[in-house]
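Reader: I would like to go through some labels used for this structure and see what each rests on. Please set the values against the definitions.

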Amino acid sequence: MDIDYAIRKDEPHKITDTSTPEEILLYERWEKSNRLSMMYIKTKISAGIRGSIEQHENVRELLKAIDEQFVTSDKTLASTLIMKFTSLKLTAIRSVREHIMEMRDIVAQLKKLEVEMSESFLVHFILNTLPPQYGPFKISYNTHKDKWSINELMTMCVQEEGRLMMEQGESVMLVTQRKGKKGKSQASQKGKQQISPKSDIKKDEKCFFCKKKGHVKKKCLKFQNWLEKKGNPTSFVCYESNMVNVNTNTWWIDSGSTIHISNSLQGMQNLRKPVTSEQFILSGNKMGSHVEAIGTCYLTLYGGFILELQKTFYVLSFSRNLNSISRLVPFGYSFHFSETSFSLIYKSECVGNGILSDGLYCIFLQNDNAHNSLHVQTGIKRCVVKEDSSTLWHRRLGHISIDRIKRLVNDGVLSTLDFIDFETCVDCIKGKQTNKSKRDATRSSTILEIIHTDICSLDIDSHGQKYFISFIDDFSRYMYLYILHNKNEALDAFKVFKAEVEKQYGKQIKIVSSNRGGEYYGRYLEDGQSPGPFAKSLQEHGIVAQYTMPGSPDQNGVAERRNRTLLDMVRSMLSSSKLPKFLWTEALKTTVYILNRVPTKVVPKTPFELLKGWKPSLRHMRVWGCSSEVRIYNPQEKKPDPRTISGYFIGYAEKSKGYRFYCPSHNIKIVESRNAKFLEYDLVSGSDQFRNIVSDIDHTEFQPSTSSDRLFIVHNTPQVQTGVERTIDEVQPVIEVPQVVDNIPVDQVDQELPNTSEQQVEPHTSSEDIGATLRRSARTKRSAIPSDYVVYLQESDYNIGAKNDPESFSQAMSCK
């Protein structure tokens with residue numbers, strides 16, 4: 001319900017006969033909000049001022065009338081704040097931090113009233129408000145060259161406050177009040193009483209009241225009867241103890257605490273951050289303490305029993321570790337207290353005990369001698385260094401592991417150490433913490449239950465397609481891949497993938513696992529996720545999104561590992577074929593085609609068989625990048641034209657039964673065909689001599705050959721026609737390379753072949769042709785040989801000879 005709508009929006013026009021339904025709905029909304037706001041405000045106004053406020057029908061007018069009742073003067077408020085500011089003094093009731101924060105708050109309010117104070121003045125003024133105990137602290141600041149800021153002053157004051165509290169020691173204040181007949185206290189009649197320390201009373205001393213021997217005055221029956229007649233005194237004792245040398249590893253039994261409290265993280269397990277309601281705890285003086293963490297403590301008692309303290313609060317500001325009785329009783333524990341000791345009972349057995357020390361009961365822990373040395377001191381003393389402490393040597397040796405320290409002890413480098421006191425080192429955790437390894441995840445039981453996706457780039461400078469997105473089925477590991485120009489196309493690719501697989505296999509996608517990239521996740525704000533288009537699309541279709549934690553790509557390990565495999569295979573294929581790098585997309589698609597048809601480690605069958613239901617065929621597989629002679633469909637092909645063109649195999653047709661080839665000499669660079677001859681052996685056997693191919697066009701510069709081999713040329717027999725002169729283009733020579741015949745030299749073969757160029761051809765004449773007029777066609781003549789086909793007559797240009805030419809097909813296939 002938008003209850004404050006009437007406060008934010010103006011009153012619309014009232015409803016009339018000509019009002020539209022939209023206007024009627026808008027006015028009813030405003031009128032309902034106005035009525036509820038008026039009702040709520042009137043219930044919160046005190047009865048003392050409710051009659052002084054005029055009645056209004058509009059909530060805005062009501063708020064304005066209330067503001068007029070509490071109009072204040074800025075000058076008066078400034079004067080009041082200045083008087084309060086100058087009269088503030090630090091007292092023992094509150095801490096120095098609260099004192100400084102209150103003064104800063106007053107300064108901030110004065111600044112809004114255009115009364116500004118410099119930071120230097122505020123620092124000096126705060127120092128003057130401190131009590132005399134801070135005298136050395138003030139002298140230290142005055143002798144200091146640098147000036148402090150407010151935050152630095154607060155930090156120093158808090159540290160000085162802690163030092164003064166440690167030096168206070170222990171104080172006891174006793175007030176005795178005795179009710180007499182006239183109602184006057186004994187303290188007012190006889191003055192203040194002081195309690196002096198008493199020595200041990202001997203048994204032979206006599207009572208000071210009845211003058212008899214064998215007992216003391218406080219146990220005298222006559223003295224007690226006299227006190228009953230006169231009235232019993234009432235004593236109020238306030239005891240304050242600031243223990244300086246309290247061992248942090250000691251635990252104290254507290255019947256007033258409702259939670260377990262620890263001032264150290266050592267020994268705590270299952271740590272977690274406190275929720276909002278657990279971030280602060282209140283002490284008896286209503287002072288709040290910040291809770292850093294919450295966990296479980298395991299205390300090994302003196303008898304070996306392990307006491308589990310669940311939901312223990314880690315509070316750094318506490319000087320003692322507290323065991324709450326009320327938290328242990330529900331788990332079957334009970335306590336038996338005496339004058340100087342207590343016993344902890346669990347299931348009718350005594351599992352622990354402790355002693356009374358400094359007014360509190362301390363529980364005995366295993367290998368803990370703290371209860372023998374607990375005492376109160378008014379000064380700070382240096383503790384005795386325990387040279388055989390493993391914790392001490394752990395710190396001396398730069399926080400090395402405990403195993404390495406034990407090796408030093410075994411080798412005799414260090415003397416025998418006490419490893420019992422070695423506990424969890426928080427500093428080691430802060431300095432050596434590593435990421436947790438990913439555990440084996442639960443595999444899906446059917447296809448399309450979990451889809452792993454990721455976007456990757458090959459880092460190639462290109463103005464075209466730069467990225468590819470993969471979708472991997474968790475059950476079968478079958479992979480779909482789409483090429484992208486930018487990452488914003490991820491949603492379009494997912495829609496195509498989703499429509500295809502759900503239509504083909506009759507199942508719905510349930511879970512999509514991805515990283516926290518902006519194309520998948522959206523944006524992360526303080527309030528949580530601000531979903532992007534991809535995340536919103538998943539929500540609309542009821543698909544659960546699973547994201548990795550920041551800096552944990554291993555949680556999306558299926559897609560990340562597949563990307564690594566793809567790129568490794570693409571690099572190997574490009575390196576083997578020496579094809580241009582802009583064909584990386586074709587190599588990538590071929591890699592996906594192959595991986596879907598070969599087995600993996602995690603699935604028993606091939607992904608193709610698990611998804612499709614039948615085994616794949618690999619008989620049509622070819623070496624990527626191998627030379628090929630491709631026959632393409634050309635409706636204008638002439639009989640003298642070659643039947644194939646040279647190209648290189650670069651993949652398999654996606655939606656047809658055929659292959660894809662890269663033909664750099666053709667006008668269409670990439671073609672598809674099912675008729676081709678693959679020269680795989682050439683690439684496998686001579687990959688080192690395989691030439692690099694220029695990406696744009698193949699331009700080969702031919703240089704004159706210095707070979708002495710001669711090329712045998714057989715010319716066509718010219719046909720002589722009467723009255724017609726044949727042009728040079730009409731009579732084209734045919735180059736024939738002689739083959740090696742039984743190791744006969746080329747020159748000998750040249751001599752044995754007939755010289756057809758020297759044969760005399762008699763012209764054929766006819767009496768009918770002489771007198772007849774020749775008919776010529778009006779159509780434009782086209783050469784039978786394409787314009788891009790050039791015949792070279794010089795043998796030296798090609799360095800071709802009959803010496804190494806094969807004679808048969810087997811020789812041609814076996815030659816290199």
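Reader: Where is Lys211 found?

Author: Lys211 is found in the loop between α10 and α11. Helices (H or I, at least four residues) and strands (E, at least two) are DSSP runs, numbered from the N terminus. This is a predicted model, in which local features need pLDDT of at least 70 and side-chain atom pairs count only at pLDDT 80 or more, while totals for chains, interfaces and linings use all residues. Residues are numbered from 1 along each chain as its sequence is written, and side-chain values use heavy atoms, with hydrogens and water left out.

Reader: Why is Lys211 called exposed?

Author: Exposed means over 50% relative accessible area, buried under 20%, and partly exposed in between (1.4 Å probe, protein chains only). Lys211 has a relative accessible area of 55%, so it counts as exposed.

Reader: What is the phi of Lys211?

Author: Lys211 is not a glycine, yet its phi is positive, at about 65 degrees. Most residues other than glycine have a negative phi.

Reader: Which residues gather with Lys211 in a patch of positive charge?

Author: Lys206, Lys213 and Lys217 gather with Lys211 in that patch on the surface. Like charges are joined within 9 Å, and the place of a Lys charge is taken as NZ.

Reader: Is Lys213 buried or exposed?

Author: Lys213 is exposed, because its relative accessible area is 66%. Lys213 lies in the loop between α10 (186-190) and α11 (221-230).

Reader: What makes Lys311 partly exposed?

Author: Lys311 has 36% relative accessibility and therefore counts as partly exposed. Its place is in strand β9 (residues 306-314). Lys311 also has a positive phi, of about 55 degrees, although it is not a glycine.

Reader: Why is Thr606 called buried?

Author: The relative accessible area of Thr606 is 12%, so Thr606 is buried. The loop between α19 (584-595) and α20 (607-612) holds Thr606.

Reader: Which residues does Thr606 touch?

Author: Leaving out residues up to four places away in sequence, Thr606 touches Arg597, Val598, Pro599 and Pro616. Contact means heavy atoms within 4.5 Å.

Reader: How many of the residues in the protein are buried?

Author: Of the 816 residues in the protein, 31% are buried. The secondary structure comes to 25 helices and 28 strands.

Conventions. Patches are made of residues with over 30% relative accessible area and no salt bridge: like charges are joined within 9 Å, nonpolar side chains (Val, Leu, Ile, Met, Phe, Trp, Tyr) within 5 Å. Accessible areas come from the Shrake-Rupley method with a 1.4 Å probe; for residues, only the protein chains shown count as cover. A salt bridge is a side-chain nitrogen of Lys or Arg within 4 Å of a carboxyl oxygen of Asp or Glu. Lys and Arg count as positive and Asp and Glu as negative; His and the chain ends are not counted.
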